[in-house]
Amino acid sequence: MKVSALVQQTEQVLEWHQLLDAVASQAASSMGAELCHTLPFARDVEAARAHQQATFEIFQQLESDSPLPHLNFPDIRLLLGRAAKGGFLEGLDLRDISLVLSMSQATKRWLEQHCESCPTVSTRTAQLAELTWVLHTIDHCVDSQGHLRESASPALQQLTQKSQNLRQTMRGSLERLVSSEQHEERLQGQYFAERENRYVIPVKVERQHEVDGIIHDISSSGATVFIEPRHLIEANNAIKFADLQVAQETRRILQDLSDTVAENIGPLQGNIQQLAELDCLVAKAKFSRKIEGYPVHLNQDHRIELIDAKHPLLVLSKDHVVANTVTLDQEIHTLIISGPNAGGKTVTLKLVGLIALMVKVGLLPPCAPDSEMVFFERIYADIGDTQDLHRDLSSFSGHVLSLIALLEDLRFQKQGSAHRSLVLLDEVGSSTDPIEGAALAEAILHRLSDLGCINIVTTHYPSLKTLTYRNPHVRNASQEFDLENLSPTYRLIDGIPGGSSALDIASRLGLEPEILEEARGLIQREDQDLDYIFQRLQQTYSQLEEERSQAHQRHEEAKRVFDEAHVLREQLTTQTREERKRHRQQWQREFSKAQRQVVEILETLKKEKSPSRVQATRRSMASLDQHIKEQLPIPEVLSLRNPKAGDLVEIDEFGTVGILQDDPEGRKQVSIRVGSQTIKISPSAIRVVSASRIKPKSKSSTRHVPAGFAPVSDNSSMKTGFYQQEHDFRGIRLEDALERTTAALDQALMDQAKYVKIIHGQGSGALKTGIRELCQSSPYTKNYRAGDPSEGGDGVTIIELR
């Protein structure tokens, strides 16, 4: 068997030409369909990748807003051949050439516009000749119906007008003749006709001798003769002569156009070839989309990973096709597929073979996007019954002859070529004695493995199913069989062999139970045990797969819930931030209002010193204090009532908190115990603070420091470089730092602090710029400046409050 015969056999058993027919059906032109039937195989992996890339580029454009123009162009190859030989082209021929030129220009523009999204396909742009002047010349002379325009030349327009005028005159004469009373009895009707391009009148056969003229025709019934009246012969001759002149000018114009086409045969042939190849490419993309194909990664490293692959012809003919994953790594040379009859073993074999062929012509196979396939230079397939009665060949003999031819071809290939060959064998070693057939099959697989081929075979032989335990380069796979329903599932299970389940299938098909029972008794115990083990392995695998699938679903559900919770947390965080901002604005409004009222009360007290007025003022301040407490959305931090002995008070000048020892009323100075010391100060320099402001740690009290703020010394002052409030925002996001700065200014205002120190560091400068812009716009800020070198330099901002 010659190499060409091996290739033909492989393509035949894999049903390659049926697949090409399906591709060709997607073409818009006859030339495109013709190319689809003869798709060339790529010679190397780089060419195969380029073919695949081109198909995928068009594949992506099919659903876009501007797909490639519909390439339903006519086949003008014969017309171009006739023109090249000096032949004459008719108007319809020129119309077809015009269509090809128009489509060439539209396609060229499309390729130029999509050079970025279709870089591989757009390389054809330079190979499409525009030939604009040829198109304009043809369209000027020939309309869309293939008729020559009267305006094709001045002479043609003049001659056509002359012919039409003569005909109009002739019709007027004939209308007067047929309507005259003189000929009423002679004519068959009041009409006239044309015979042999000459005007005639219908005369009754029995009255023909009464009309002087030339007979041109007789009706099918024989009752009417068509006579050209003698006095109209000269006018008919004039019309005939004018028509001949029009025909002569028409032929001259068409010949000139034919010569123009002949002068541009090369570019026209190049255009028609490019359009056909593009139409073929579109057909490949449409077919790939129809079978849900995707590009695969091509390699030469013996790695096959076809994920969720489907037989392309089954996808076209069936609503539901079971997807399978076929995997072979670099260490595995042979995959042995076992399992029940009619379980899908041969389908899997053909699936791999077809995909190996598809990637060589740029078709996208029906599998998951991350799939991987080896680029095979040669593909061999021995599938089905090779019995040939005409050659006296049995099934076994036919298989052996195919294997001999295959081994001879592999032996004579170039060095290393066998390593890039795929061998597909269905029921290897079958149709003979099982023991000898199994031994022969194992020996053949050893030889093919030694040659470096990738082999995928199907079998029912137990010895081949256990070959993986004797050869590390062999792996098992099996088509699953449902033990409960006694039917195949068509799922491929990787890594474990499968039982043949012949008796179970025979039972399902209706064979007599007595025969089946007797058959079970005849099977040797060890064979029964082995088949049972294979079945249990499959069942265990199926259960584990189902549990894995359920665990994956639960994991996905948990991930979804986690993502939703994360989104909800972000929403709540944003909502909380907005609430805090709203409350702060509300507090600022209320506090500003209270400050104005306090100022008004103090001004009134200065003017009026009556006891009743003082009591009224105290009541107003107590009422105002209570109002603020009710309005504040946060715990109260300070009070507007007058201090009294035992209250916690703050000394405005120092920002120090202590316990008031004396009742301030009527006193110029009061005593405040701070730790173990007592400070004398004017009552106007102190104010009551809430207990929430004090967080006792030991016998001595210190000021409460909010989270993220630096500690404050009780003895702080401007002169010593310490400030009443100091905050370190280094390493904090700008948004959070601005929020904390606003909070710090609020706190400083409540504490009636004079200065605030913000530590922001240098960094990129964004934090410093943001804080200083905030200071510039804040109503609390009287002034702000960068720190002195002793204070931290430009890495800090000193804020002076109003």
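Me: What does it take for two strands to pair?

Reply: Two strands pair if DSSP finds at least two bridges between them; strands are DSSP runs of E with at least two residues, and helices are runs of H or I with at least four, each numbered from the N terminus. In this predicted model, strand β11 (residues 421-425) and strand β12 (residues 454-458) pair in the parallel sense over 4 bridges. Leu425 stands opposite Val457 in β12.

Me: In which sheet order do the strands lie?

Reply: The order is β10-β11-β12-β8-β13-β14, an open sheet of 6 strands with mixed pairing. Its edge strands, β10 (378-382) and β14 (487-494), each pair on one side only.

Me: Which strands does helix α14 lie across?

Reply: Contact means heavy atoms within 4.5 Å. Angles run from 0 to 180 degrees between N-to-C directions, with axes fitted to C-alpha atoms, for helices over the stretch in contact. Helix α14 (residues 434-451) lies across β8 (334-338), β11 and β12, at about 160° to β12.

Me: How many residues does the largest nonpolar core have?

Reply: A nonpolar core joins buried Ala, Val, Leu, Ile, Met, Phe, Trp, Tyr and Cys residues through side-chain atoms within 4.5 Å, buried being under 20% relative accessible area with a 1.4 Å probe, protein chains only. The largest has 57 residues, and those with the most contacts inside it include Trp16 and Leu363. Helix α12 (residues 345-361) gives the most to this core, with 10 residues.

Reply: Residues are numbered from 1 along each chain as its sequence is written. Local features need pLDDT of at least 70 and side-chain atom pairs pLDDT 80 or more, whereas totals for chains, interfaces and linings use all residues, and side-chain values use heavy atoms, without hydrogens and water.

Definitions and conventions. Buried means under 20% relative accessible area, exposed over 50%, partly exposed in between (1.4 Å probe, protein chains only).
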